[in-house]
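Please prepare a briefing on the structure shown below, arranged by topic and with the cut-offs stated for each term.

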Amino acid sequence: MGSMRQVTGVGSTVSEVPCVKRIGFLSFGHWTPAHHSEVRTAADALLQSIELAVAAEELGLDGAYFRVHHFARQLGSPFPLLAAVGARTKQIEIGTAVIDMRYENPMYMAEDAGAADIIAGGRLQLGISRGSPEQVIDGWRYFGYAPRDGETAPDMARRHAEVFLKLLKGEGFAEPNPRPMFPNPPGLLRLEPYSEGLRERIWWGSSSNATSKWAAKLGMNLQSSTLKDDETGEPLHVQQRKQIETYREAWKEAGHAREPRVSVSRSIFALVDDRDRAYFGRDARDQDQVGYIDANTRAIFGRSYAAEPDVLVKELAGDEAIKVADTLLLTIPNQLGVDYNAHVLDSILKYVAPELGWR
């Protein structure tokens, strides 16, 4: 991915990491029938997501990623959207961050993912996870899923993920009918369509060091968002940098042949015109925040970056997690519409990325 440089984080060892980074956007696909929103319906959210991916590819962005939330006025069914984006684009990576595996049937998911990846020509980058607090209580139960005896909901999600990963190997497992409607290939049958290489393009959205190590053992890439379990009381970017180091060490110990990929998500806005200053010039989220995502889990929420480009470059240069990740996902305010979000992304590519060596 281009030239390399040495980076030393606080308490870290010196390691070689890429200067050049893949940069993508991450959209939650919010929609609301409010007068201030450019995205008032589900149709607006879906169709504008496609148009923004097309615009991002034209700008030279590397990825179009979408968050999945159920029972919410957001993007809830990823595979029709991913397939549509794949049909309208040619080069940009298309992904999720993340699909909640508590809600997923691994069999259907393997078929849908294979089809979407084939349509996209092998550009799918699927982020999956055990999920986060949702709009309803135990929403996965309405989808027909329940933890087994002695199993938690996160355990169920990881079990679904392991089945999904096994299916993506493309190995036959189903006994063929001796009198099939159509001729079968020899041996046990696998799910179709099968997409070669998709297994290596699965990411795990991890909020803790422990699940990062688990993901590394299973050969999944790592996604770390703007929300993480507060395990040490340090700033988010420091905790994430340590999480990434833990993950890469576990990957090395697992003996995988390929190099893993790692992404972090950030809200970053370069203030280059009056619109930017009106929307984000007084952003109060310039410090990490700590709270509880459930009764037992203390979490740290990452700050936003919003400043003139020269100030932004200096602030981002000190973000230890961005330094050691190969992929940066820019969370976007999708309700401000396609044109404005394309401007936000273009400003990062023009005024920030070159100064930091990302381009």
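What follows describes strands, helices and single residues in turn.

The model is a predicted one, in which local features need pLDDT of at least 70 and side-chain atom pairs count only at pLDDT 80 or more, while totals for chains, interfaces and linings use all residues. Residues are numbered from 1 along each chain as its sequence is written, and side-chain values use heavy atoms, with hydrogens and water left out. Helices (H or I, at least four residues) and strands (E, at least two) are DSSP runs, numbered from the N terminus.

- Strand E6, residues 124–129, is mostly covered, since 6 of its 6 residues are buried, where buried means under 20% relative accessible area, exposed over 50% and partly exposed in between, with a 1.4 Å probe and protein chains only.
- In a regular strand the side chains alternate between the two faces of the sheet.
- In E6, Leu124, Leu126 and Ile128 point one way and Gln125, Gly127 and Ser129 the other way, and all of these are buried.
- Strand E5 (residues 93–100) runs parallel to E6 and is joined to it by 5 bridges, with Ile99 standing opposite Ile128 in E6; two strands pair if DSSP finds at least two bridges between them.
- Between E5 and E6 the chain crosses through helix H3 (residues 106–119) in a right-handed β-α-β crossover, a term that applies if, with the strands pointing away from the viewer, the path from the first strand over the helix to the second runs clockwise.
- Strand E7 (residues 202–205) is also parallel to E6, through 3 bridges, and Leu126 stands opposite Ile202 in E7.
- The chain passes from E6 to E7 through helix H4 (residues 153–167), and this β-α-β crossover is right-handed.

**Strand E3 and its partners**

- Because 5 of the 6 residues of strand E3 (residues 22–27) are buried, E3 is largely enclosed by the rest of the structure.
- E3 runs parallel to strand E14 (residues 327–331), to which 5 bridges join it, and Arg22 stands opposite Thr327 in E14.
- E3 is also joined to E4 by 4 bridges in a parallel arrangement, with Phe25 opposite Ala64 in E4.

**The open antiparallel sheet**

- An open sheet is formed by 3 strands in the order E9-E12-E11, with antiparallel pairing.
- Strand E9 (227–229) and strand E11 (289–292) stand at the edges with a single partner strand each, so one side of each is left without a neighbour in the sheet.
- From one strand to the next the twist averages 30°, where axes are lines fitted to C-alpha atoms, for helices over the stretch in contact, and angles run from 0 to 180 degrees between N-to-C directions.
- E11 and strand E12 (residues 298–301) run antiparallel and are joined by 4 bridges, and Gln289 stands opposite Phe301 in E12.
- Helix H6 (residues 236–254) packs on the sheet, touching E9 and E12, and its direction makes about 70° with that of E9; contact means heavy atoms within 4.5 Å.

**Helix packing**

- Two packed helices are described by the angle between their axes and the distance between the axes.
- Helix H8 (residues 309–317) and helix H10 (residues 338–352) pack at an angle of about 80°, with their axes 10 Å apart.
- That angle makes H8 roughly perpendicular to H10, given that angles under 35 degrees count as roughly parallel, over 145 as roughly antiparallel, 65 to 115 as roughly perpendicular and the rest as oblique.
- Pro309, Leu312, Val313 and Leu316 in H8 meet Ile348, Tyr351 and Val352 in H10.
- By class, the contact of H8 with H10 has 7 nonpolar, no polar and no charged residues, where Ala, Val, Leu, Ile, Met, Phe, Trp, Tyr, Cys and Pro count as nonpolar, Asp, Glu, Lys and Arg as charged, and the others, Gly among them, as polar.

**Helix H2 and Ala84**

- The buried residues of H2 include Pro78, Phe79, Leu81 and Leu82, and what covers the buried residues of H2 includes helix H1 (42–59), strand E4 (63–66), E5, H3 and E6.
- Ala84 is found in helix H2 (residues 78–88) and is partly exposed, with a relative accessible area of 25%.
- Ala84 and Ile119 are 35 residues apart in sequence, and their C-alpha atoms are 8.5 Å apart in space.

**Val262**

- Val262 is found in strand E10 (residues 262–270) and counts as buried at 0% relative accessibility.
- Leaving aside neighbours within four places in sequence, Val262 is in contact with Trp203, Leu222, Ile244, Tyr247, Arg248, Ala325, Asp326 and Thr327.
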